[in-house]
Amino acid sequence: MVTENKKKRGLIIVSNRLPLSVKEENGTYKSSLSSGGLVTALSGLTKSTNFRWFGWPGKAIEDPEEQKKVSDALAENSAVGIFLSEQLAQDHYNKFSNSVLWPILHYQSGVAFNEDAWEAYQRVNEIFADTVAKEAANGDLIWVHDYHLLLLPSLLRERLKKQGKNCPIGFTLHTPFPAEDFWRAIPVQKDLLKGLLACDVIGFHTDEYRRNFTESCERSLGANAEKEGQLEYEGHTACVGTFVVGIDPQKFNDSMQDPDVQKRIKELERRYEGKTVIIGVDRLDYTKGLVQKLEGWDHFLKTYPELEGKVTLIQVAIPSREDVKEYQELEEEISTLVGKINGEHATPDGTPLIYMHRSVSFTELTALYCISDICLLTSRRDGMNLVASEYVACQENKHGVLVLSELAGAASFMSGGSVTFHPSSVQELSDAVHQAISMDDKERKERYENLREFITTHTRQVPDLILFILILS
């Protein structure tokens, strides 16, 4: 009789960093999985699939005995650690992935290519390929994630073939993919495209990103794209699709019923009674347009002085890559702007801008979403931007207005219910915020219902399952 486990098909998830933390306790190690994101979505597949997660555990561990202890701890949560030296991990992550690929993928110019960093990027992808190919069983599904591992599919394919294993490979890019002319700024762009074309399925968050990738493969490599949704290259066919990423609205519904959240909502409502509250939640990154947001807010305050004391922008800027010089300089620029705006517009009764350069608890985040009348997102480029969906999930009673950059990936799907604008124009931003403030209840409700329908029909689980079906087909 076939056991239950043997009926299950193996699924291997590969990402640069494992979605868990590893802590040393009394000479041994404990690992704990995060509670959100893809981990939660995959939990529903455990009845039909055995899945393991491969990635870097987040710390350099070079001693073989310590690696064994960490590996045992990770195995308790179905994870496999891929160990890298501190220098190799930093060169791969900071010097190439985030200093070359990240800006190019987000249409940032002036990127300097570094040969040593490129060698580190190749080496890490090779180490990942060696580990995954060795551990994979014939027939396992392999799902690779994001720009840190663009070379991995082709390296995996080579190793699996030599080992006589046939494993479908899928890939999801969680950032934009730029237009072909911009992508060509990377001298190794052909190598990166070839890396992905070894996949069976390649997923992007929007049709624009998918088209850009397809055109780059056609023009740079001569790949055949005659069949819709397919790219043929060197005898292999890759399916290329759009998979809309979403959130789990129920998570926020449950949070809003929490007594601590309800208490905090009442406190904030008393604090901001009679004021229009605008919320912004962003990682502190130049792609999020925070400088443009503050400049636009300053312009709004000067344009509509009659609203002085009646509006407040609460901006949460979650620290990011604090050891990188460019991010340190960005934080300094933003802090200077915050001081300038409050210095010019504050009154004895309060300030028009509250800036929080730190992470906030889920309780606080939910409460802030609930009491805000407007959510302002100014991304210069974004893979999707799930803050937009999170805000909508918390606004069923208030019908808050989403003011959304037209360059965010979310705008491809949520523009019908949002007020959109170009993030580089302080005038457009100011006008969009004023439109949201002036909107009547009927229009607010109509727009909200449009957005609510989107987030409830495009939960995180939906694109995951579609991707699995496509890989299996």
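1. The model is a predicted one, in which local features need pLDDT of at least 70 and side-chain atom pairs count only at pLDDT 80 or more, while totals for chains, interfaces and linings use all residues. Residues are numbered from 1 along each chain as its sequence is written, and side-chain values use heavy atoms, with hydrogens and water left out.

2. Lys 134 belongs to helix α5, where helices (H or I, at least four residues) and strands (E, at least two) are DSSP runs numbered from the N terminus. If residues up to four places away in sequence are not counted, Lys 134 touches Gln 163 and Lys 165, a contact being heavy atoms within 4.5 Å.

3. Phe 96 lies in helix α4, residues 86-105, and is buried, with a relative accessible area of 0%. Leaving aside residues up to four places away in sequence, Phe 96 touches Asp 91, Leu 101, Phe 113, Ala 117, Trp 118, Tyr 121 and Val 188. From Phe 96 to Lys 442 there are 346 residues in sequence and 49 Å in space, C-alpha to C-alpha.

4. How do α5 and α6 meet? The axes of α5 (residues 115-135) and α6 (residues 152-162) come within 9 Å and cross at roughly 40°, where axes are lines fitted to C-alpha atoms, for helices over the stretch in contact, and angles run from 0 to 180 degrees between N-to-C directions. That angle makes α5 oblique to α6, since angles under 35 degrees count as roughly parallel, over 145 as roughly antiparallel, 65 to 115 as roughly perpendicular and the rest as oblique. The crossing is right-handed, a term applied if the near helix is turned clockwise from the far one by less than a right angle, with anticlockwise giving left-handed. On the α5 side the contact is made by Asn 125, Glu 126, Phe 128, Ala 129, Asp 130, Val 132 and Ala 133, and on the α6 side by Leu 152, Leu 155, Leu 156, Arg 159 and Leu 160. These residues divide into eight nonpolar, one polar and three charged, with Ala, Val, Leu, Ile, Met, Phe, Trp, Tyr, Cys and Pro counted as nonpolar, Asp, Glu, Lys and Arg as charged, and the others, Gly among them, as polar.

5. Within α6, the residues Leu 152, Pro 153, Ser 154, Leu 155, Leu 156, Arg 159 and Leu 160 are buried. Their cover includes β1 (9-17), α5, β6 (141-145), β7 (169-172) and α8 (189-197). Just after α6, Gly 164 takes a positive phi of about 70°.

6. Helix α12 (residues 290-303) deserves a look against two partners. Its axis and that of α13 come within 10 Å and cross at roughly 10°, and the two helices are therefore roughly parallel to each other. By class, the contact of α12 with α13 has 10 nonpolar, one polar and six charged residues. With α17 (residues 426-438), the axes come within 8 Å and cross at roughly 65°, in a right-handed crossing. Residues of α12 including Trp 297 and Phe 300 meet residues of α17 including Leu 429 and Val 433, and this contact divides into six nonpolar, seven polar and two charged residues.

7. Most residues other than glycine have a negative phi. Arg 321, although not a glycine, has a positive phi of about 45°; it sits in the loop between β12 (311-318) and α13 (325-345) and is buried at a relative accessible area of 13%. Asn 385, also not a glycine, has a positive phi of about 85°; its place is in the loop between β14 (374-377) and α15 (387-393), and at 8% relative accessibility Asn 385 counts as buried.

8. How many disulfides are there? The count comes to zero, a disulfide being a pair of cysteine sulfur atoms within 2.5 Å. The sulfur of Cys 370 is 4.5 Å from the closest cysteine sulfur, in Cys 394, and so too far for a bond. For Cys 167 the closest cysteine sulfur is that of Cys 199, at 13 Å, again too far. Cys 370 is buried at 12% relative accessible area, and Cys 167 is buried at 1%.

Key. Buried < 20%, exposed > 50% of the residue type's maximum accessible area, 1.4 Å probe, protein only.
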